[in-house]
Amino acid sequence: MKRNILITGGAGFIGSHVVRLMVNRYPDYHIVNLDLLTYAGNLANLKDIEHKPNYTFVKADIADLDRMRQVMKEYEIDGVIHLAAESHVDRSIKNPFAFARTNVMGTLSLLQAAREYWESLPEKYAGKRFYHVSTDEVYGSLALTHPDGIEAGATTKASAKGHTAYGTEFFVETSKYDPHSPYSASKASSDHFVRAYHDTYGMPVVVTNCSNNYGPYQFPEKLIPLFINNIRNGKELPVYGKGENVRDWLFVEDHARAIDLIFHSGKTAETYNIGGFNEWKNIDLIKVIIKTVDRMLGNPEGHSLGLIRYVTDRPGHDSRYAIDSRKLRDELGWEPSLQFEEGIEKTVRWYLDNQEWIDNITSGAYEKYYEDMYANR
Ligand code: NAD
Ligand code: DAU
């Protein structure tokens, strides 16, 4: 079936994996990747598919309502997968307004443009879908009641074989919203707008809340790529607080597969939590990264442990995230394809093999390139 899908934020980390999957998997779809190319957007992430006939890139700001109206019409968009956002918690603490602008006003502009376009068509919302990609951070923080971890299953609400849990509670689709950072507050607000457009105007929406992603093409301000790069360069590894916060990690390609599945088969107006039952205490994860990078670089075991520096904690730092993704598994049959050990091996190998990609970003050459591009417009 021919479809015209607008993917926003497709030059970013997760978006680039979603664009790649959709372009390769659905040659009959026209995939329109709309991205402002902020510091986090990088077209080098899509070099392998940019020549494909079913792919178009549009540089635009989701908060520009008129431009969104134009794009919806010009490309006759019948499905939106919305990932564009300001995504880094530390940046949101420094500049919360940018997060409200993009994540709240940007999402609202996109919703409004989709609404106006779809309501103008004879078939209206039939065959349409607005998919909003959100985060588990909107649910706030879970209690860390088992700091050393326990086998999940019998004693906890969510179960997965061999899964270590650091508490007995998990985020489910009905968990109360309780955001703590300007980033998560802005994402929570955008989720509410998306659901309001369904309830008020009948827009066919679906929302997913996913746990921490890792894998190739993640901007090296986030924990895993930052630490891999710092180890490679013998630089310090700033561990916030005591390193005891817990995150639930999912390989990015598994998130992209879930998005594809839910976009096509998820129920309208539903929420699905996406996660791999893969909780890690930061400091334990950091030690795995150190061990893996040292081994791949041929360093003796423990060589880079001395780079760890405990630094002042992130303000409002959430203690524990843990997703219960059984609804997605039971209703749509999704399961993560990769074991964490395999995912981390692949990820470290990718960053070490793609030093040019990371060097371009960290050297400033990449930001400079886009600064020049903006200046020339
Ligand atoms: P990212 O920061 O790597 O990419 C964001 C992309 O959005 C960039 O390409 C950027 O240029 C683009 N963008 C930013 N502002 C824009 C604007 N005003 N108009 C158009 N494009 C704009 O982010 P990511 O980690 O890939 O996250 C993508 C989405 O997934 C976000 O909505 C995020 O909240 C959500 N999410 C992320 C994670 C994670 O672990 N990274 C987990 C769950 C949910
Ligand atoms: O849970 C999903 C969220 O995961 C997404 O919505 C966000 O977009 C994404 O950025 C991520 O948020 P986190 O704040 O969890 O990710 P980050 O990589 O910034 O940090 C992971 C953990 O590591 C967190 O507990 C803070 C800690 N940390 C992070 C950095 C950058 C450190 O200890 N030192 C660091 O230098």
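Below are legends for close-up views of a predicted model.

Local features here need pLDDT of at least 70 and side-chain atom pairs count only at pLDDT 80 or more, while totals for chains, interfaces and linings use all residues. Residues are numbered from 1 along each chain as its sequence is written, chains are lettered from A and ligands numbered from 1 in the order in which they are written, and side-chain values use heavy atoms, with hydrogens and water left out.

**View 1. The largest nonpolar core and Tyr131.**
This core has 65 residues. A nonpolar core here is a set of buried Ala, Val, Leu, Ile, Met, Phe, Trp, Tyr and Cys residues joined through side-chain atoms within 4.5 Å; buried means under 20% relative accessible area, exposed over 50%, and partly exposed in between (1.4 Å probe, protein chains only). Ile7, Met22, Ile81, Tyr131 and Ile274 have the most contacts inside the core. Take Tyr131: leaving out residues up to four places away in sequence, Tyr131 touches Val80, Ile81, His82, Val206, Thr208, Ala258, Ile259, Ile262, Phe263 and Ile274 (contact means heavy atoms within 4.5 Å). There's also a second, separate core of 28 residues, with Tyr75, Val80, Tyr117 and Trp118 among them.

**View 2. A three-stranded open sheet.**
The strand order is β9-β11-β13, with mixed pairing. Strands (E, at least two residues) and helices (H or I, at least four) are DSSP runs numbered from the N terminus, and two strands pair if DSSP finds at least two bridges between them. β9 (212-214) and β13 (279-281) sit at the edges with a single partner strand each, so one side of each has no neighbour in the sheet. On average, neighbouring strands of this sheet are turned by 50 degrees against each other, direction ignored (axes are lines fitted to C-alpha atoms, for helices over the stretch in contact, and angles run from 0 to 180 degrees between N-to-C directions). β9 and β11 (residues 246-251) run parallel, joined by three bridges, and Tyr214 stands opposite Phe251 in β11.

**View 3. His255 in helix α7.**
His255 belongs to helix α7 (residues 252-265) and is buried, at 1% relative accessible area. Its side chain makes a polar contact with the side chain of Asn213 at 2.8 Å. A polar contact is a pair of N or O atoms within 3.5 Å; within protein, one must be able to donate a hydrogen and the other to accept it, and residues adjacent in sequence count only if both atoms are side-chain atoms. Beyond four places in sequence, His255 is in contact with Ile14, Val133, Cys210, Asn213, Leu250 and Ile274.

**View 4. Around ligand 1.**
There are 28 residues around ligand 1, and Ile14, Asp35, Ser87, Tyr183 and Lys187 come nearest (near means one heavy atom of the residue lies within 4 Å). The side chain of Lys187 has an N or O atom 2.6 Å from an oxygen atom of ligand 1. A side-chain N or O atom of Asp61 is 2.9 Å from a nitrogen atom of ligand 1, and a backbone N or O atom of Thr38 lies 3.1 Å from an oxygen atom of ligand 1.

**View 5. Around ligand 2.**
A side-chain N or O atom of Asp136 is 2.5 Å from an oxygen atom of ligand 2. For Asn212, a polar side-chain atom lies 2.7 Å from an oxygen atom of ligand 2; for His317, a polar side-chain atom lies 2.7 Å from an oxygen atom of ligand 2.
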